[in-house]
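Colleague: I would like to learn how to read a pocket and a helix pair in a model. Please take the pocket first.

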Amino acid sequence: MKFRVERDGLAEAVGFVARSLPARAPVPVLGGVLLDGASSTETLSLSAFDYEVSARVELAAMIGESGRGLVSGRLLADIARSLPPHPVDVVLDGARLAITCGSTKFSLPTMPVEDYPQLPELPPVAGALAPDTFATAVAQVAVAAGRDDTLPMLTGIRVEITESTLTMAATDRFRLAVREFGWEPTGGVEPTAVLVPARTLADAAKTFGPGGGPLQLALAAGEGLLGLAGGGRRCTTRLLDAEFPPYRKLLPTEHTSVAVLDVPPLVEAVKRVSLVAERGTQVRLEFTDGSLRCSAGGEDEGSAEEELACEFDGEPLTIAFNPGYLLDGLGVLHSERVHLSFTTPSRPALLRPAPARGAEDSEPAQDRPADDRPVAAGAAAEVAGAAGAGAGPASGYIYLLMPVRLPG
């Protein structure tokens with residue numbers, strides 16, 4: 001194998017496939033990236049596969065001699081990122097892969113290509129997604145996914161598919177994130193729901209995200225396989241064989257208090273007062289008419305408090321949250337203002353984007369984009385009930401947060 005390729009194209013391609021590699025491969029070949037150069041098409045393909053997640057990318061290259069080589073994926077990614085801005089020449093010579101870029105040279109040992117597993121085929125294409133919307137939605141939901149592998153049903157993102165919408169949901173038992181957005185199916189779609197590993201979907205969203213071309217969603221639910229493809233790239237992942245919790249039962253159907261605040265000052269206030277919260281235990285929010293008092297700590301340790309102006313309607317309320325979980329939710333709203341609804345200090349609170357000031361009167365309901373529809377058709381009533389009067393346009397994103405028990 002012998003080829004020449006542009007340095008930036010190689011670095012981007014290797015980075016894409018290496019992202020899916022396991023941190024600790026059970027066998028060395030599963031930590032490798034397969035390079036396959038075909039002189040007939042002047043195309044270089046790079047692949048990675050660990051029996052759970054696969055990734056493949058194709059890029060144009062000057063192929064001098066067709067061939068295949070398998071090298072350590074993470075090492076190749078580190079090397080590709082560090083190369084100077086010159087064309088890269090790669091030659092497979094026996095059991096070594098020589099990389100030359102300007103005056104820089106590397107020689108890497110190869111692994112046996114015959115031991116590398118066959119990549120799965122991309123499942124049938126189900127429809128098209130807007131890359132920017134997809135990336136935003138996954139980031140908003142993945143923040144609430146669990147990281148405890150002993151509870152696999154909580155480490156995934158539930159993807160519910162209908163003919164007009166995709167709904168994503170994730171929870172780690174302490175918070176729940178749900179996002180609905182529109183998509184374009186290729187034909188008739190049977191409503192279905194699958195559970196996708198959150199980490200894999202989040203990595204894919206970053207890769208296929210903002211600025212990318214059309215993105216295809218491929219699905220073979222019966223075979224337990226989901227795929228994404230676009231721009232000469234494709235990836236597949238095995239679905240989780242676990243039952244996701246019935247999350248819609250957690251959505252409040254009523255509220256007693258509603259608050260609307262500007263997000264940036266609230267984020268800064270929570271960050272400041274939580275500096276004295278022991279191990280980030282809790283930050284207390286005391287809502288009264290037109291005011292929020294944010295505090296943490298106590299008499300036996302440092303304490304802090306800060307007051308913010310807010311729009312508040314309902315009975316005065318004091319509620320406490322884990323500051324990290326609260327900041328996670330505020331950080332993915334993609335809104336300058338947040339709408340919070342409460343029932344009691346011991347019941348979950350609901351956060352969602354609030355319209356900008358004056359937007360309620362300036363944006364007719366029929367002109368709102370698809371992404372401003374309520375979450376999931378089956379949950380529309382719950383979300384509407386939680387939002388209540390005066391909440392502004394319904395949003396495609398909600399973040400439910402469990403409170404921390406107040407002392408005494």
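Modeller: A pocket is an open set of grid points with protein on both sides within 12 Å along at least five of seven lines, and its lining residues have an atom within 4 Å of a point. The model here is predicted.

Colleague: Which residues lie nearest the centre of the largest pocket, and how many line it?

Modeller: T155, P197, A198, R199 and T200 lie nearest the centre, and the lining has 30 residues. The volume of this largest pocket is about 700 Å³.

Colleague: Which element gives the largest share of the lining?

Modeller: Helix α4 does, with six residues. β4 (53-60) and β18 (233-238), like α4, each supply at least two. By class, 15 lining residues are nonpolar, seven are polar and eight are charged.

Colleague: How is a pair of packed helices described?

Modeller: The description uses the angle between the two axes and the distance between them. In this model, helix α3 (residues 131-142) and helix α4 (residues 198-208) have axes that come within 9 Å and cross at roughly 150 degrees. Angles over 145 degrees count as roughly antiparallel, so α3 is roughly antiparallel to α4.

Colleague: What is the handedness of the crossing of α3 and α4?

Modeller: α3 passes α4 in a left-handed crossing.

Colleague: Which residues meet where α3 contacts α4?

Modeller: From α3 come P131, F134, A135, V138 and A142; from α4 come L201, A202, A205 and F208. By class, this contact between α3 and α4 has nine nonpolar residues, no polar ones and no charged ones.

Definitions and conventions
Residues are numbered from 1 along each chain as its sequence is written. This is a predicted model: local features need pLDDT of at least 70, side-chain atom pairs count only at pLDDT 80 or more; totals for chains, interfaces and linings use all residues. Side-chain values use heavy atoms; hydrogens and water are left out. Axes are lines fitted to C-alpha atoms, for helices over the stretch in contact, and angles run from 0 to 180 degrees between N-to-C directions. Helices (H or I, at least four residues) and strands (E, at least two) are DSSP runs, numbered from the N terminus. Angles under 35 degrees count as roughly parallel, over 145 as roughly antiparallel, 65 to 115 as roughly perpendicular and the rest as oblique. A crossing is left-handed if the near helix is turned anticlockwise from the far one by less than a right angle, and right-handed if clockwise. Contact means heavy atoms within 4.5 Å. Ala, Val, Leu, Ile, Met, Phe, Trp, Tyr, Cys and Pro count as nonpolar, Asp, Glu, Lys and Arg as charged, and the others, Gly among them, as polar. On a 1 Å grid over the protein atoms alone, a cavity is a set of points where a 1.4 Å probe fits but cannot get out, and a pocket is an open set with protein on both sides within 12 Å along at least five of seven lines; lining residues have an atom within 4 Å of a point. Grid points are joined across faces, edges and corners, and a volume is the space filled by probe spheres set on the points.
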